[in-house]
Amino acid sequence: NLIALSRETFRARDIKIADLVAPGAMGDPNSVFQLQNYIVGLSPEGLVLDENKDLDMGRSLTKVNYLDLLHDQKVRNNVQKGVASRPVDFVALRLPLESVKNSLSGEDHLTENPIWLFGGPDKQALILTDTGESGDRRYRYLPIAGLRGDVNGQVEFKLKDWEAGFPLKYFEDDEFAVPRASRAAWLSEWHTEIEWLRAVHKSAYSNAIIGLNEQLDRHPVFDPDDTGISPDDQLVRRFRQRQRHLTEADMLILANNHWNFDVRGFNPGGNHGSFFRVSTNSTFMIAGGANTGIPRGLAVEQPYDSLSFVPTVLRLMGKIDAENNPTPELAKRGFKRFPGRVITEITSTRR
């Protein structure tokens, strides 16, 4: 419909955007190269031809590096003590797995798209994900600098040693549950979700390393191994998955603490919460009678996330087994194995 528009018949007042662009559709995502060389208009020289009489794209167009542009935003009249002068904390993007393989030696076992955190030209990081031998998802946080994309979709970057100032600031956080002398070594290794959660849940950015991957990685709408369906159903599933991909944003912009991108609310770090501990920490309290078996005055010391709520309640009700599989009654209703860890401090004392 966009291509069918013509200058001769164009009438702006008669145009309905929804007839030209499907609601919610963002189009194909921009590559790293395109975001770092984003065309915003003609150059002051106008259209310029090269020596072969072809359009000189470099001289004819004005481009901006979106990552640098966002990072460099700064206020001059900051009068609040303890509030950073830069509104943007860092920018997070998903990188195609194929784009980083040439720059990551010995990491052929990666199973998901890396997440790139941009906190400035020299303060960047990659969140790498794979599946360990036990089947558990593992993460590695890799400090880097100078990541650049090329026209062919590949990226290059420099590996950096651990120091203060990288996105998420785990290395210098006093609440990071790893001794300072061991932090560089610990952060250079692979760790499971539980290991990361236990190490960082009291830090300023809480479980951001897990949450960012969940937020930005692609999750299939349907089970890709489900082959027992008709060709028509397979077509519909591909269409639904494509719809989902077309609503994905190119990047996620995280606000610095006490900054907000939405005047309608005042969540720290963004317009709908953030990965700061103050936004992600919540209280899970259970009260029961004498016949419930729930212990009195028990304080759970280990960290859990919100996925633990449903399986814990169902385990107390006797509706799931030790592997979180539903009882036949629930299975008949379409329930499958529940994700999340059961809070065993509660359920193990139940009689």
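Buried here means under 20% relative accessible area, exposed over 50%, and partly exposed in between (1.4 Å probe, protein chains only). This is a predicted model, in which local features need pLDDT of at least 70 and side-chain atom pairs count only at pLDDT 80 or more, while totals for chains, interfaces and linings use all residues. Residues are numbered from 1 along each chain as its sequence is written, and side-chain values use heavy atoms, with hydrogens and water left out.

View 1. Helices (H or I, at least four residues) and strands (E, at least two) are DSSP runs, numbered from the N terminus. The C-alpha trace spans about 85 × 55 × 45 Å along its principal axes. Of the 351 residues, 34% are buried. Taking a contact as heavy atoms within 4.5 Å, 52% of the contacts between residues at least 6 apart in sequence join residues at least 24 apart.

**View 2. Helix H11 (residues 309-317) and its buried residues.** Look here for Pro311, Thr312, Leu314 and Leu316, the buried residues of H11. They pack against helix H13 (344-347).

**View 3. Gln241 in helix H9 (residues 231-246).** Gln241 counts as buried because its relative accessibility is 15%. Leaving aside residues up to four places away in sequence, Gln241 touches His219, Pro220, Val221 and Phe222.
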